[in-house]
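I opened my notebook to look up how this protein is put together.

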Amino acid sequence: MIANLPLKLPHLPNSLPSEGSVRIELVNGLLIFSASIKIQERIKTLTAQQQASSLTSEEQTELDGYREFISYLNLVNETMNNAFLYPLRGTVIRYDDPCEPAVPLEDWEVLQ
């Protein structure tokens, strides 16, 4: 996962369609978000062009936008996975009153 991602995307890549860009799968009862097959194929094409050193500046911007988008999907998936693995229990096991003595009064030697 990419560390220190801002939680707010400044914009989506211009070439990213507003519908059909995210695929949702159910894996072991957990929702997993990934880029659609069409978007994954476009990323592979751009990456191959990048390795051949034939990307235009617009295509490089598009690839960078897709990478940022994928990073956010990974962040969402990791957050959901952590919430699934380590859920908040919501129950109080024991409440410690900060004003009560740390030990029972019978155990204080001063009072005896």
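**Ground rules.** I am reading a predicted model, where local features need pLDDT of at least 70, side-chain atom pairs count only at pLDDT 80 or more, and totals for chains, interfaces and linings use all residues. Residues are numbered from 1 along each chain as its sequence is written, and side-chain values use heavy atoms, with hydrogens and water left out.

**Layout.** I found 2 helices and 2 strands. Helices (H or I, at least four residues) and strands (E, at least two) are DSSP runs, numbered from the N terminus. Along the sequence I read the pattern β-β-α-α. Of the 112 residues, 21% are buried. Buried means under 20% relative accessible area, exposed over 50%, and partly exposed in between (1.4 Å probe, protein chains only).

**The helix pair.** I looked up how two packed helices are described: by the angle between their axes and the distance between the axes. The axes of α1 (residues 37-51) and α2 (residues 57-85) come within 10 Å and cross at roughly 130°. Axes are lines fitted to C-alpha atoms, for helices over the stretch in contact, and angles run from 0 to 180 degrees between N-to-C directions. That makes α1 oblique to α2. Angles under 35 degrees count as roughly parallel, over 145 as roughly antiparallel, 65 to 115 as roughly perpendicular and the rest as oblique.

Which residues of α1 and α2 make the contact? From α1 I noted Ile39, Ile43 and Leu46 among them, and from α2 I noted Leu63, Tyr66 and Ile70 among them. Contact means heavy atoms within 4.5 Å.

**Helix α2.** I checked its length. At 1.5 Å a residue, its 29 residues should span 42 Å, and the end C-alpha atoms are 42 Å apart, which agrees. The expected span is 1.5 Å times one less than the number of residues. Buried residues of α2 include Leu63, Phe69 and Leu75. Their cover includes β1 (22-27), β2 (30-35) and α1.

**Tyr72.** I found Tyr72 in helix α2. Is Tyr72 buried or exposed? Tyr72 counts as buried, at 9% relative accessibility. Tyr72 and Phe33 are 39 residues apart in sequence, yet 9.8 Å apart in space, C-alpha to C-alpha.

**Ile32.** I placed Ile32 in strand β2. Ile32 counts as partly exposed, at 26% relative accessibility. Leaving out residues up to four places away in sequence, Ile32 touches Arg23, Ile24, Glu25, Val27 and Asn77.
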